[in-house]
Amino acid sequence: KNVLVGALEVTDGAIADFRENGNDAFVTLGLTNSLKVADGGVVKVSNISAEDLVNRAKSGAAADRRMAVRIANLTGDAAIAPDIDNAKVTMVNTFYDEAFDWKLFTQDGADGSKDVYAGVTNIAVVAKTVTNGASPTNPDCWAGAVLPKKGDDFYCAYRFNPFEDWDFTQSKLIFDDTSSHYWRGDATMDLNAKAYYVLGSCGFTMWGGSSYNRRWRGGPTKIADGATLSFLAMNNCPKLRIESEIVGNGNLSFTTYQGGANHYRMTLENINTNWHGRLTIRGFTNSTYTYNTILGDARNWGGAFLADEDTYSAVTLASNTCVYVTNNVCFNDPTRGFLLREKPQFMVKEGFTLTLSNQVTYAGVVTKTDAGVLELGGTARFVDGQAETAPVATSNELVVAEGALKVSSKEACDGLAVSFAEGTKLLIPAQSADGLYDVKWDAPLASSATDGKVAVEIDTT
């Protein structure tokens, strides 16, 4: 600690690694002649946790070193013109390195010396919870009582409410473990940022009337391993469109709570094959309130699920969730299994087919509506997704209320109780090499048609 050296030069990929000394203070190097970190040289600050940095931000540190640690003190010639403008700085882990623009910077001392800090400067830190979220005009909300300025990145350590009429297009929005953020505002309100980083589990609560719209736009949304980004729709809440690309191994969750029937609508609009986390969509337990999600491409819901376990629930549709299918959509990735709980619904538009060639785990009553086709081409499981788990009565049901059910796998209906309404039909694929045989059902096919029959067709499409 406080070692005095004439000069330090870090170049050509070399690393100067500054570490905490065990007494909650970092080693500070004293330099009297010169400091140069350039030409590929790296300053690394290690032995500091993400929590430590978060606490520094929350504590309200000085405005020019809001998330920073002091690593050197320059005196004499070293304080005149340190060569650090192009220094590379790394901290904590790669995800934090990407989220924050780490750099070396100096602060003048009263004695003519300079302190050198490794950290972030162009960042506004939400450092206090207020009722409706941080305000750009209330200094009490911000670390160091410093108001945000255009172009700042935002670290949301406490509740954040996106400001109306604020340009976030040059800003990164960084969220960590925190209580729910609020997303209120005009009938149509976009959040359009350069990038979004979700470092811990956090959520947005959305309010508004049935005509309100919310759009999450701009650069990619990067969700760290183990983190979850949640959206909660409240009381006739807005329609939500996620246009940003989702990236990373973290999780996404969408939930609705009360409101008017069919006022809830969520769409993941980008091709999200670089996202490998879990997706959960949950409607309100009261069947009056349905959470509609529009689906036009299987890739909207992510790429391969990379978790080591529970691949059967990589996509969970729970309570009164309705998936409105507007295109031919096929899920065939074996790692992205579906868990269908309580009363989910697939509404497949006429002329289109939703194909589930992955594992589907049933833990409720699933309903197929509209004139299109639901094709089951994978494997049926029950309750916990394990092969040895037996189906449970009233939790293994598929109701074909409209359109058609196509069965293209011998294992797709094993243990499943299927009922057909008036005007619906069962499709058998003609292209099966040896025909479709030995299909197991938990109970005889049921029909509520007037004649008690189930219409069966050979599908030659």
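The sections below cover the basis of the values, the cavities and the salt bridges.

## Basis

The model is predicted: local features need pLDDT of at least 70, side-chain atom pairs count only at pLDDT 80 or more, and totals for chains, interfaces and linings use all residues. Residues are numbered from 1 along each chain as its sequence is written, and side-chain values use heavy atoms, with hydrogens and water left out.

## Largest cavity

A cavity is a set of points on a 1 Å grid over the protein atoms alone where a 1.4 Å probe fits but cannot get out, and its lining residues have an atom within 4 Å of a point. Points are joined across faces, edges and corners, and the volume is the space filled by probe spheres set on them. There are two cavities of 30 Å³ or more.

The largest cavity has a volume of about 50 Å³. Its lining consists of Leu8, Phe18, Leu29, Leu31, Leu35, Val37, Val43, Ile71, Ala72 and Leu104. Strands here are DSSP runs of E with at least two residues, numbered from the N terminus. At least two lining residues come from each of β3 (29–37) and β5 (67–74), and β3 gives the most, with four. Ten lining residues are nonpolar, none polar and none charged (nonpolar: Ala, Val, Leu, Ile, Met, Phe, Trp, Tyr, Cys and Pro; charged: Asp, Glu, Lys and Arg; polar: the others, Gly among them).

## Second largest cavity

The second largest cavity holds about 30 Å³ of space. Around it lie Leu356, Asn358, Val360, Tyr362, Leu376, Gly377, Gly378, Thr379, Ala380 and Ala412. Strands β31 (359–369) and β33 (379–382) give two or more residues each to this lining. By class, six of the residues are nonpolar, four polar and none charged.

## Salt bridges

The count is 17 salt bridges, each a side-chain nitrogen of Lys or Arg within 4 Å of a carboxyl oxygen of Asp or Glu. In the pair of Arg70 and Asp115, the closest N and O atoms are 2.9 Å apart. Arg70 lies in strand β5 and Asp115 in strand β8 (residues 114–120), so this pair ties together parts 45 residues apart in sequence. Arg70 is partly exposed at 33% relative accessibility, whereas Asp115 is buried at 14% (buried is under 20% relative accessible area, exposed over 50%, partly exposed in between, with a 1.4 Å probe and protein chains only).

Arg341 and Glu342 also form a salt bridge, at 3.2 Å from N to O. Arg341 is partly exposed at 29%, and Glu342 is partly exposed at 33%. Elsewhere, salt bridges with shared partners join Asp190, Arg215, Arg217, Arg241, Glu243 and Glu269 into one network.

Methods: 1 Å grid on protein atoms, 1.4 Å probe; cavity = no way out; pocket = protein on both sides within 12 Å on 5 of 7 lines; lining within 4 Å.
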